[in-house]
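Please open the model in a viewer and keep the selection panel at hand. The stops below are meant to be followed in order.

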Amino acid sequence: MKKIAILGSTGSIGTQALDLCRRHPDRYRVTALTARSSREKLFEQVREFRPEMAGLLETFDPADIPEDLKFCHWMTGPEALKAAAAEVDADQVLVSIVGIAGLRSVMDALEAGRQVLLANKEALVTGGHLVTDLARKKGRPLLPVDSEHSAIFQCLRAADGNPAEKILLTASGGPFRTWNREQIEKATPRDALKHPNWNMGAKITVDSASMFNKGLEIMEARWLFDMPEEQIQVVVHPESIVHSAVVFRDGAVLAQLGQPDMRVPIGYAMAFPERLETGVMPPDLFALGALTFEKPDEEKFPALRLAKEALRAGGAACTVFNGANEEAVAAFLREEIPFGGIARRVEKALDSLAGLKADCLEDILEADRRARETVRSYAE
Ligand code: NDP
Ligand code: MG
């Protein structure tokens with residue numbers, strides 16, 4: 001029986017992880033659940049999974065806790081996240097909160113010697129060196145949940161220690177793959193929230209449409225697999241069946257295939273090194289017929305170029321890339337800026353905040369704060 005704490009349990013990844021816990025009650029006991037503000041959903045989850053501890057980032061009146069849920073230890077604010085990551089009894093901590101908020105939780109969980117199942121890519125994007133150093137020091141390598149990184153991880157394991165020459169990071173291309181620049185410039189939140197293959201939270205869905213998600217994933221791969229950015233090639237693959245691939249020196253390419261369903265990579269991380277029954281069927285290759293691949297268009301999607309520039313610049317540039325994008329996406333979802341304005345803001349922020357340090361957690365949080373503040377100050 002594995003004890004699992006889930007941070008961000010009310011989100012897209014969190015609820016799918018709970019689906020797997022529900023499917024395997026003999027293998028997983030949920031010991032902690034946290035959300036930001038979705039209290040009704042969290043109440044339902046606590047009622048079903050009966051964790052020892054539950055937390056909401058938003059403050060609440062203890063009198064609001066329903067009588068039948070008082071068996072659970074309720075907490076609020078950042079201390080709740082800390083307790084779920086590092087204090088509650090758990091073998092595994094799934095960090096599936098969204099945004100840079102995940103960085104501290106990942107560090108807390110590693111510091112406490114927990115096995116981290118990492119969905120929150122922002123922790124590696126912003127604090128990759130701190131997180132991977134700590135994971136190494138603690139002898140607790142991170143288990144990736146992001147589908148591409150799970151695929152790469154699986155291919156590397158199958159390579160039996162042979163080094164990879166190159167990573168082929170697949171991307172669906174999102175809903176605007178076939179749109180022209182003018183159409184993309186004027187895309188609305190409704191357009192951007194219609195992902196062709198994956199069903200995900202709002203922020204990452206917009207990032208998939210702009211390809212900022214793939215930019216973040218290049219950074220994530222750089223840290224997870226210690227691979228320089230020049231050896232990571234983005235490949236547009238609209239069917240989202242090949243979840244990524246690894247090239248070896250003999251010319252062989254290993255790929256991992258599956259339906260675009262996050263329960264597969266979540267289950268892989270949860271049961272590692274075993275494989276779990278997830279309820280997901282393998283892809284029907286006869287029904288698919290053909291799988292297609294394209295070169296990404298960096299003119300239409302500047303995010304890829306900006307991501308590589310940020311990686312090369314080092315320091316806090318990736319944190320600025322991430323923070324500026326988070327802030328711009330929020331403004332886009334409030335319909336305050338056009339879709340094309342997201343990349344323009346990130347580029348401007350990278351230019352004006354060049355040279356910031358990222359030596360410690362405080363530096364990173366400060367760079368993030370400044371990136372957001374800078375983006376908020378742009379009028380356009
Ligand atoms: P969602 O927006 O669906 O869920 C986010 C979860 O985190 C919710 O439980 C939310 O609570 C909580 N949360 C939000 N902000 C904070 C905060 N500041 N502090 C603490 N908790 C917070 O996101 P996803 O599940 O889509 O994504 C989670 C992470 O996984 C992201 O980093 C994303 O990039 C990554 N990921 C997601 C994939 C997917 O398929 N969805 C695929 C690959 C990676 P509340 O409900 O109360 O708002
Ligand atoms: Mg992904």
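Select S105 to begin, in helix α4 (residues 101-111); helices are DSSP runs of H or I of at least four residues, numbered from the N terminus. This is a predicted model, in which local features need pLDDT of at least 70, side-chain atom pairs count only at pLDDT 80 or more, and totals for chains, interfaces and linings use all residues. Residues are numbered from 1 along each chain as its sequence is written, chains are lettered from A and ligands numbered from 1 in the order in which they are written, and side-chain values use heavy atoms, with hydrogens and water left out.

S105 has a relative accessible area of 3% and is therefore buried (under 20% relative accessible area, 1.4 Å probe, protein chains only). Beyond its neighbours within four places in sequence, S105 is in contact (heavy atoms within 4.5 Å) with L7, L81, A85, V95 and I97.

Next, select the magnesium ion (ligand 2). Its donors (N, O and S atoms within 2.8 Å of the metal; water is not among the atoms, so the site may look incomplete) are D146 (OD), E148 (OE) and E217 (OE), at 2.1 to 2.2 Å. E148 lies in helix α6 (residues 147-158) and E217 in helix α10 (residues 212-224), so the pair ties together parts 69 residues apart in sequence. E148 is buried at 8%, and E217 is buried at 1% relative accessibility.

Finally, select ligand 1 and display E122. A polar side-chain atom of E122 lies 2.7 Å from an oxygen atom of ligand 1. A backbone N or O atom of G8 lies 3.3 Å from an oxygen atom of this ligand.

How values were computed: Donors are N, O and S atoms within 2.8 Å of the metal (3.2 Å for Na, K and Ca); water is not among the atoms, so sites may look incomplete. Helices (H or I, at least four residues) and strands (E, at least two) are DSSP runs, numbered from the N terminus. Buried means under 20% relative accessible area, exposed over 50%, partly exposed in between (1.4 Å probe, protein chains only). A polar contact is a pair of N or O atoms within 3.5 Å; within protein, one must be able to donate a hydrogen and the other to accept it, and residues adjacent in sequence count only if both atoms are side-chain atoms.
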